[in-house]
Amino acid sequence: MVWEVLLYMYILYSPDWHYRSTMPIFLFLYGAGFATAHAVFRYGVGFKVHYVVLCLLCTPRMYKYYIYTQDVLAKRLAKLFLGTLLLGSLVGVCDRVFCKEISRWPINPQGHALWHVFMGFNSYFANTFLMFCRAEQRGWSPKVVYLLGVLPYVKIEKPKSQ
């Protein structure tokens, strides 16, 4: 999860980074350092707080890309990203808080499994939206298209000179 957000940070902030070669190195070292510390010390709440802080650092820039994007389908990807994030978070919190009560129901909705489903889609929509943004940054004429009319992906047409 942390590696994914570090990738988001690279995509979102690299156009304005003054020393471009240092950003990927810094993000890699940061991620490796955090992964090592997490493996040794087993952060529980600390991991979640760290993840939320990293996500909050991405939010203003992602919003900037959202408002500057003219493509309606790309904006829909960003809305799907936000919607699945909110639904996944709601399901995850409810599963944690009401676990004992829910487990007594005749049919268990499997909140943790639903959290994984929503967060998986969340990750996909975020990556796809940011792929669109990155392709726009590079001048590659991206388009959002749908596989079988259901699954959105980004089709990129690079200029011949690249």
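Let us start where helix α4 begins: a side-chain oxygen of D71 comes to within 2.9 Å of the backbone nitrogen of L73. That is a polar contact, meaning a pair of N or O atoms within 3.5 Å; within protein, one must be able to donate a hydrogen and the other to accept it, and residues adjacent in sequence count only if both atoms are side-chain atoms. The model is predicted, so local features need pLDDT of at least 70 and side-chain atom pairs count only at pLDDT 80 or more, while totals for chains, interfaces and linings use all residues. Residues are numbered from 1 along each chain as its sequence is written, and side-chain values use heavy atoms, with hydrogens and water left out.

Now follow α4 along its length. Helices (H or I, at least four residues) and strands (E, at least two) are DSSP runs, numbered from the N terminus. Helix α4 covers residues 72-97, and its 26 residues should span 38 Å at 1.5 Å a residue; the end C-alpha atoms are 37 Å apart, which agrees. The expected span of a helix is 1.5 Å times one less than its number of residues. Several α4 residues are buried, among them A74, L77, F81, G88 and D95. Buried means under 20% relative accessible area, exposed over 50%, and partly exposed in between (1.4 Å probe, protein chains only). What do the buried residues of α4 pack against? Their partners are α3, α5 (99-103), α6 (111-137), β1 and β2, with contact meaning heavy atoms within 4.5 Å.

One of those partners, α6, has 27 residues and reaches 38 Å from its first C-alpha to its last, close to the 39 Å expected at 1.5 Å a residue. After α6 comes G139, whose phi is positive, near 75°.

Next, look for charges that meet. The structure holds two salt bridges, each a side-chain nitrogen of Lys or Arg within 4 Å of a carboxyl oxygen of Asp or Glu. In one of them, the side chains of R61 and D16 meet at 2.7 Å, N to O. This pair links distant parts of the chain, 45 residues apart: R61 is in helix α3 (residues 45-68), and D16 is in the loop between α1 (2-13) and α2 (22-41). Is R61 buried or exposed? R61 is buried, with a relative accessible area of 14%, whereas D16 is partly exposed at 42%. Leaving aside neighbours within four places in sequence, R61 is in contact with L12, Y13 and D16.

The other bridge joins the side chains of K143 and E157 at 3.9 Å, N to O. Here K143 belongs to strand β1 (residues 142-147) and E157 to the segment after β2 (151-156), 14 residues apart. K143 is partly exposed at 44% relative accessibility, and E157 is partly exposed at 42%.

Strand β2 also holds K155, which is partly exposed with a relative accessible area of 43%. Not counting residues up to four places away in sequence, K155 touches S141, P142, K143 and V145. K155 and V144 are 11 residues apart in sequence and 6.2 Å apart in space, C-alpha to C-alpha.

Finally, turn to the rings. K75 lies over the face of Y66, at 4.5 Å from the ring centre, and K158 lies over the face of W140, at 4.5 Å from the ring centre. A charge sits over a ring if NZ of Lys or CZ of Arg is within 6 Å of the ring centre and within 35 degrees of the ring normal.
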